[in-house]
Amino acid sequence: MMRGSWIPGTAARIVLRQRIWIIIVGAALATGGVFLGTGIAMQSQAKDMMPPGTPAVREFERIQDAFGSTATVVVAVEGSSDHVMIEVAEEIADAAIHDPVVASGSRSINIEVDRDFARQWGLLLQEADDLRTLDGQYRRTDLLSFIRAMNDSFEGEYLAGDGQEKLDSDREADEAVGMMTTMESFVTDLREYLRDPLPTRAASLGRSLADAFSIGEGYTFDPEHRMLLFSIAPAFPIDELDRSVEFVQALRSITEEAERSHPGTTVYLAGDMVQTVDEQEALSADLLIPGLLAVALIFVLFLFSFRQLRSMLFALATLIAGICIEIGVIALTLGELNILTSSFAVVLIGLGIDFGIHVVSNYTDYRSEGKDELEALAATYGKAGVAVIIGGVTTSVAFFVLMVSSNPAITQFGFVAGTGILTVLISMLVLLPALVVTFEPKRRADGTRRPILSYGFLPRVGRAVVRRRWAVLGLAAAVTVALAFQIPKLTFIYDVLKIGPQDAPAITAQNRIVDVFGLSPYPSLALVDSIDEARLLSEELSNHSLTAEVASIADLVAPKREQQERLRIIREMRTDGPRYGSLSWDAKQVAEFAYEVQRLEWNLVEIADLSVAGLGEGNRIQTKRDEMVREVIGAEVGEPGDEVFQKLIVAIEASESRAAEALAALDAVFAARMSENITALVAVDRPITVEDIPNSLREDLVSPDGSSFLVTSYPTDAVAREDAMVQYVEEVTSIDPRITGTLPISIAMSVNTLAEAQSASLYALAAIAVILVLTYRSLRYAALSLVSLAVGVVWLFGLAPLLGVSVDLVSMMVLPLIIGIGTAFSVHLIERYRIEGDIETALRYSGKAIFLSALTTMIGFGSLAFVGSMAAAVSLGMLLVLGVGAGLVVTVTVLPTLLSLGSKRAVSR
Amino acid sequence: MKEKKRNWTSPRATIAMLVMALLVVATNAVGQDAQDILQQVDSRQPTGTSRIELTMSVYRRAEDQVATREFRVHSYSDGDESTYMEFVEPKSIRGMRILSNDEASWVFFPSTGRARKIAGESQGQSVQGVGGDFSYEDLGGGKLAEDYTARLLSDDGQRWRLEGTPVEEDSSYTRLILTVQKDSYRLESIEYYSGSEHTKTLTLENYETADEYPTPMRMTMTNHNEGSKTVVENHSVEYRADVSAQYFNPRRFYR
């Protein structure tokens, strides 16, 4: 070993002689590292952080191979009315088409359903039962007959009959609320029209009402029309990060302009590509901001702790240089960082400064004792160097062992942290002494400045605990056992989405869409080989209680037999004869119309009453009813609502003759347009095939070569709950193991990382144990080091659940880190104890360095906990603060008592 | 599914009342075959009118502690013929009434003052939506011995386990497994099977005597397919009650 050998003296001589060259080479390497670092890619895609053979990843890659890019940008517009939202959406789509970046990067911009397709095939897409209902509604297209038929249909569908519509699921609630919103628009528009019945308004309202009732809505609104959604399909994969950033930035400029020109309107951008771009920013921020904060806080700590502040500034400079060199190493070897490795700089600040503290602390102490530069540096290498090297090497070994993992993210983390520790260690042992010696002031530093914190309490603590060793050991054992019982309460966050940046615009957008639409923005996907297979899987997924919506080619292409039955009904509808006759309105018809409006209100009120049976009180149908009409408490009336139906009735009855005239003008357009639309709809005379589906719809359902089909299933917003998400993924993947997507990949990644981190930690522990035994050549010291480490780990994972801290796939990496840090603490104390022979002296010399190391590490990781952007980084930071804190307390209390056991001279007299 | 009409069936019967119909007071019985046991169960059914106050709690997941929805109902029954239910809670449908007999159901909405006739439902459907995991068939009254061919599966000294195979072909279930206490002829549980799949389990607990009839005050139907459960708790049960005929008249029940 170094101690007592020629190595420390030789090393010190070389560093002193070559100090200028060392500084020049160090600066050059650091500069080169920064330069090379600009080319490092940030990899945040979950699938790229998984073992390649993982089924969810394999299936995802199959889908990408078959469909090309699966990336989507979702644009969500919230505004005061349908009209405003449509106008804003149209403006955005138009600007996107004319923007060079967005236009060249887009495969399609789907703002509206293809109306020609809906007009041609719309009826054939309806189920036979619904067609029979529609047949009743479409027989007469004059306004009075139509509203009467609609009431008959409600009373048949929801309130009575064999085909009684059940209202006991989110999907059915959505449909009912959607229907109520359509009714609300109908009566509100009608009332507005009756207030000022201009012929032009009659024409436009008649057409729009007829289109809404026959062709359907062209835009995708939520059931309550609070938000309009449309999608933009990029023509390139998310992996092209620079292009993704440019694309999303260009879109953000467009949407911001749209918001400016329409005050009161909010536009959100969501989807996997936007989220990836936001994650890039968060990853970059976590690489820089917590690091800067940590350096600043460590500087303040040094200000209070050291006489020779200049030396500690050199330590910080060396640390930064070491990190810059490591950036170069990463750029030359890996070329990328991922969600795990992005915060490596903070890890190195927390761990690497420790080496500098030991070097500077010892060197300045020896210089103040009167030793010259060579003697002081040789003594530093001899007495502190061994512990620094053992601590550094064991920590780096703990990280390198992670490279045996089959998980590429963990492998990368192991490499980055392992090489990073070595790079910083070498920098601290070579570059730092060169800097300190070269720029050491001529006048001796001692006595020039008294540190505010002397850390003199540490030897006293050591003395006290050793004298009360049995009490301390008993207390430590009790605390350890108590905390061990808390460990099972530790929760693991499987949802990768919850460990990303929580305040990013993409997350805000997604949360808002989830709120409004009630479904998760993360679909499950499965690639199947035939339409029949797609149908079967769609049906199975639709029946799952946590599925909100399923989309596949089967929605558009029904089985031949079913299509023939639908065509038969449509043929009968074709022979219904003239759909309207005389459109003159008299007082009797006006009164009948007012009655039908009243009936419409009754039906909606009763539908909301019945919804309580399946959906419980306060459900969305009831809420919508209470808003549209009034709050209903049995036979009594609660809070007033908009009374949309009563207001229309009042408008109709205000002047029956005026209403008759206005309704006749409206009916002339409405009845004709409805009849025209229905004539077009019933003209369909053959089954639909895949080839009939327009590209805008087909490209999301059928692969370009037509050989495979995509089934897309959106879970309900309930999967935002961790347990529901795990249950959902387990159940849908048991329906079909080919199901993949963000949620299955997220779960698979968490499960894999958890298992890999646990086994890697065991390997690291074994490797460290071997190193310790070889270094100490004493089983006792190796065992004591490992025992104090184990106690620290139990305290960490016992305290975490008590303080509400969870573990996720990133913060699981805390285990190897704590193993490395905890070992380093114990190594320093044990090594000094072996040299000095008693605890008090060992703590007098090494205590300050251990204490400061712990504080700087806690500051380094604490900065992540407090200003980290990624939730995972925050969790990692909190766990490390806890872990290092526990390790420090164990090292200065439990370890001294253990060392004193069986020792005659544990403390000096 | 073809509509099943049986003269004993009251497909719109109230949850509690018709489950009650499956339950009997017990006397000791020894040495009986399976069909005899069912007949003993049947022979102790309460007949005539009844008045029950009950709460039905529907749980989306069987392990949940808090019910997704809860209904408090006053129910009046005239044997297996007719059942009248009036909702007390939740407040938004307070006063809603449902009358059911062999022919149809009628609903009265206090919110609009309208009464509407509702056509028959299939046996497997939840009772007017408020039945939670209880379907019409689960609540079907009548004689077990007439509707099921019984086979004794086991006898552990305390209770019999019987397998009942439906006589009618249009049943939603292929078989039931009934657990009957030997000393009292009380039903402890009914397991429902569709094909080889165990779809539901009804457990009957907290027996109390009401007008000489031991009555389970708590019944839990666990739906294994949906992972949900529905709990019915009776607060008061009165048999041979003085119930006005108006409640069972489709033209007058809502007045």
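Author: We begin with confidence, expressed as pLDDT (the predictor's confidence in each residue, from 0 to 100). Chain A has a mean pLDDT of 84, and 93% of its residues reach 70 or more. This is a predicted model, in which local features need pLDDT of at least 70 and side-chain atom pairs count only at pLDDT 80 or more, while totals for chains, interfaces and linings use all residues. Residues are numbered from 1 along each chain as its sequence is written, chains are lettered from A and ligands numbered from 1 in the order in which they are written, and side-chain values use heavy atoms, with hydrogens and water left out.

Reader: Where in chain A is confidence lowest, and where is it highest?

Author: Helices (H or I, at least four residues) and strands (E, at least two) are DSSP runs, numbered from the N terminus. In chain A, the lowest confidence is in strand E1 (residues 41-43), at a mean of 70, and the highest is in helix H24 (residues 644-654), at 93.

Reader: How should I read the backbone angles?

Author: Most residues other than glycine have a negative phi, and most peptide bonds are trans. Tyr185(B), which is not a glycine, has a positive phi of about 60 degrees. Tyr185(B) lies in the loop between strands E9 (175-181) and E10 (187-194) of chain B. Arg240(B) also has a positive phi, near 50 degrees, and is placed in the segment after strand E13 (228-239) of chain B.

Reader: Which residues does a cis peptide bond join?

Author: The cis bond joins Glu89(B) and Pro90(B), with omega about 5 degrees. Pro90(B) is in the loop between strands E3 (82-89) and E4 (97-101) of chain B.

Reader: How are the side chains of a strand arranged?

Author: In a regular strand the side chains alternate between the two faces of the sheet. In E5(B), Ser105(B), Val107(B) and Phe109(B) point one way, and Trp106(B) and Phe108(B) the other. Buried means under 20% relative accessible area, exposed over 50%, and partly exposed in between (1.4 Å probe, protein chains only). Five of the five residues of strand E5 (residues 105-109) of chain B are buried, so the strand is largely enclosed by the rest of the structure.

Reader: Which strands pair with E5(B)?

Author: Two strands pair if DSSP finds at least two bridges between them. E4(B) runs antiparallel to E5(B), joined by four bridges, and Ser100(B) stands opposite Ser105(B). E6(B) (residues 114-118) is also antiparallel to E5(B), over five bridges; there, Ile118(B) is the bridge partner of Ser105(B).
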